[in-house]
Amino acid sequence: MIHSRRILPILPAAALLLSGLLGCKPAPLTEAERKAVASLSLSALPPLPADPSNRYADLPAAAAFGATLFFDQRVSRDGNVSCSTCHLVDRHFQDDRPLGVGISTTSRRTMPLAGTARSPFLFWDGRRDSLWAQALGPLEDAREHGGNRAAYAHIVKANFAARYEHIFGPLPDLSAMPANASPLGSEADRAAWASMSEAQQDAVNRVFANIGKAIAAFERSIVHEKTRFDRFADALAAGQEPADDAALSDEELYGLRLFVGKANCVECHNGSRFTDDHFHNTGVPPAAGLPEDLGREAAVPQVLSDPFNCLGPYSDAPPETCGELRFMVKSGPELRRAYKTPSLRGVADRPPYMHAGQIPTLEAVIDHYVRAPASPDGKSEVVPLKLSDRERAALVAFLKTLSN
Amino acid sequence: MGFNWRYLVAIVGLLAVALMAFTRMQTAPSPVAAPSFVLSRTSENGTYLVAVEPEAPPVKVGELHTWMVTVKTQDGNPVDGASITVSGGMPAHGHGLPTSPEVTAQLGDGRYRVEGVKFSMGGAWEFRFAVSAPAGDDEAVFNLKL
């Protein structure tokens, strides 16, 4: 009896120690975890780098003109589509749909715009290498704005001549130019384009590029806002106990630890924007009813041949600053069905997920990564993972701290 | 009645579980560091002495940067005019480098500039330099921990 009395009081202490270590009452973050948290915080985001390819990138007048163009439905074939048709200003500049819908339905999920000025490659497959080159794609896509570059030059001349010329200098004489013409687009548009002189084509291309540069200047102002996770990280970095609107619940903290630890999410979703800006095949199944989609593999020749890329005649960049384009991976099996790692900031607010909105909920996304199915084409980089129901719920709880 | 062994067994069991949990916690992810690498080694078949260093340390995850590579023979003579191809990746994840770095300048004295290097995540990276010169074809492999 004497022995047991000595041992009995130790039991609650041992149980407390055990529960602490198992996560019932979270143990303090390790040094490595603290560093990982700091690396994900918005406070770690460096200043927005210059865009040497767009000399108007940081010109307020260009940004203001870009904002006008962004919200103006006249910048489309039918007068009903603007950039903000899919990039909704009060929805983090996305549209909550599995596939964007302009004039008709596209084959990709609309991406939110915050922080995209920092991406070396744009679109889910990176088929453009700057924000301004990206903006030109939807303008001429028949399913989106559906217009053509000659028509856009005429629209600018008719509606925005003074503002345009204040920023970019004199508009070209468009009187002898066709109303509709583009090297892409319909057969008639292409025939009209072919009938133009090289000088006329160049003049229209230059106006078209400047439309993109103005829109990009505006989009550079769209940034991420701090969320509870950032306040938590800031408090931690300042050596304070995160409290009030900086505090994470035990479950959220557990989810954070899984995110940077066992679940390995941070391998690709790293840095302040929770993305490595790179392309990965993660075995996401194709969306029903869409044509074959090879992802990055199909995008590489497109970005290389894009006349509006960093090395092209409409770029303002010295070639030596075009490192991302010059040294990008141009071939290899890893490009097949590889898509860009999306930022996870605000992710809980904007289902559905993946490049064609294939997965409806965050829970289902986590289930996808736990199962790690084989890719329908190419090879998935994801390996199966064991996560309990409690761990999955904790990850979702953590992801919600990236929203306000 | 004397000592109740069941309590001892219970406590030993609890402590064992606690120790396991503690050990698991210590295997936290590697921090995203900003290391300043200066590395030198003999190539796989001993043909060359290859030294590499970032042009402007520290090396940051996700940023394009430049490395300087110096190639010498084993007896210390600089190797100029070599053809060098750069590759690598993360063996643990089965993927290559996120970019295709290239030698963009031969600076003489066995020195070469390699542009377009990027490491897209923290962790263990393999960095390979295949050297082809009259002395032979050989490769130097460096292991970096970011």
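Helix 14 of chain A is followed by Ala372(A), a residue with a positive phi, near 50°. That is a handy spot to start a tour of this predicted model.

**View 1. Helix 14 of chain A and its buried face.** Helix 14 of chain A spans residues 362–371, and its buried residues are Leu362(A), Val365(A), Ile366(A), His368(A) and Val370(A). Part of what covers these buried residues is helix 15 (389–400) of chain A.

**View 2. The largest nonpolar core.** Here you are looking into a core of 49 residues, in which Phe65(A), Leu69(A) and Phe308(A) have the most contacts. Two or more residues each come from helix 4 (60–71), helix 6 (131–140), helix 7 (149–168), helix 8 (187–195) and helix 9 (198–219) of chain A. Helix 9 of chain A is the biggest contributor, giving 11 residues. Apart from this core lies another, of 36 residues, which includes Ala233(A), Ala263(A), Phe274(A) and Tyr353(A). As general background, nonpolar side chains in soluble globular proteins tend to be buried together.

**View 3. The surroundings of Phe308(A).** Leaving aside residues up to four places away in sequence, Phe308(A) touches Asp129(A), Trp132(A), Ala133(A), Leu136(A), Arg149(A), Asn205(A), Phe208(A), Ala209(A) and Tyr314(A). Phe308(A) is also among the residues with the most contacts inside the largest nonpolar core.

**View 4. Helix 4 meets helix 7 in chain A.** The axes of these two helices come within 10 Å and cross at roughly 145°. The crossing of helix 4 past helix 7 of chain A is left-handed. On the helix 4 side, the contact is made by Ala61(A), Ala62(A), Ala64(A), Phe65(A), Thr68(A) and Leu69(A); facing them from helix 7 are Phe160(A), Arg163(A), Tyr164(A), His166(A), Ile167(A) and Phe168(A). By residue type, this contact between helix 4 and helix 7 of chain A divides into 9 nonpolar, 2 polar and 1 charged.

**View 5. Two cis peptide bonds, one in each chain shown here.** In chain A, a cis peptide bond joins Pro351(A) and Pro352(A), with omega about -5°. You will find Pro352(A) in the loop between strand 2 (339–340) and helix 14 of chain A. In chain B, Pro57(B) and Pro58(B) are joined by a cis peptide bond with omega about 5°. Pro58(B) sits in the loop between strand 2 (48–54) and strand 3 (65–73) of chain B.

View 6. Phe93(A) is not a glycine, yet its phi is positive, about 60°. This residue belongs to the loop between helix 5 (83–86) and helix 6 of chain A. Phe93(A) is buried, with a relative accessible area of 10%. Turning to chain B, Asp109(B) likewise has a positive phi of about 60° without being a glycine. Its place is the loop between strand 6 (102–108) and strand 7 (111–117) of chain B. Asp109(B) is exposed, with a relative accessible area of 54%.

**View 7. Chain B as a whole.** Chain B contains 1 helix and 9 strands, and along the sequence they follow the pattern α-β-β-β-β-β-β-β-β-β. Of its 146 residues, 39% count as buried. Among contacts in chain B between residues at least 6 apart in sequence, 60% join residues at least 24 apart. The accessible surface of chain B comes to about 7,400 Å², and carbon and sulfur atoms account for 55% of that area.

Key:
Residues are numbered from 1 along each chain as its sequence is written. Chains are lettered from A and ligands numbered from 1 in the order in which they are written. This is a predicted model: local features need pLDDT of at least 70, side-chain atom pairs count only at pLDDT 80 or more; totals for chains, interfaces and linings use all residues. Side-chain values use heavy atoms; hydrogens and water are left out. A nonpolar core is a set of buried Ala, Val, Leu, Ile, Met, Phe, Trp, Tyr and Cys residues joined through side-chain atoms within 4.5 Å. Buried means under 20% relative accessible area, exposed over 50%, partly exposed in between (1.4 Å probe, protein chains only). Helices (H or I, at least four residues) and strands (E, at least two) are DSSP runs, numbered from the N terminus. Contact means heavy atoms within 4.5 Å. Axes are lines fitted to C-alpha atoms, for helices over the stretch in contact, and angles run from 0 to 180 degrees between N-to-C directions. A crossing is left-handed if the near helix is turned anticlockwise from the far one by less than a right angle, and right-handed if clockwise. Ala, Val, Leu, Ile, Met, Phe, Trp, Tyr, Cys and Pro count as nonpolar, Asp, Glu, Lys and Arg as charged, and the others, Gly among them, as polar. Accessible areas come from the Shrake-Rupley method with a 1.4 Å probe; for residues, only the protein chains shown count as cover.
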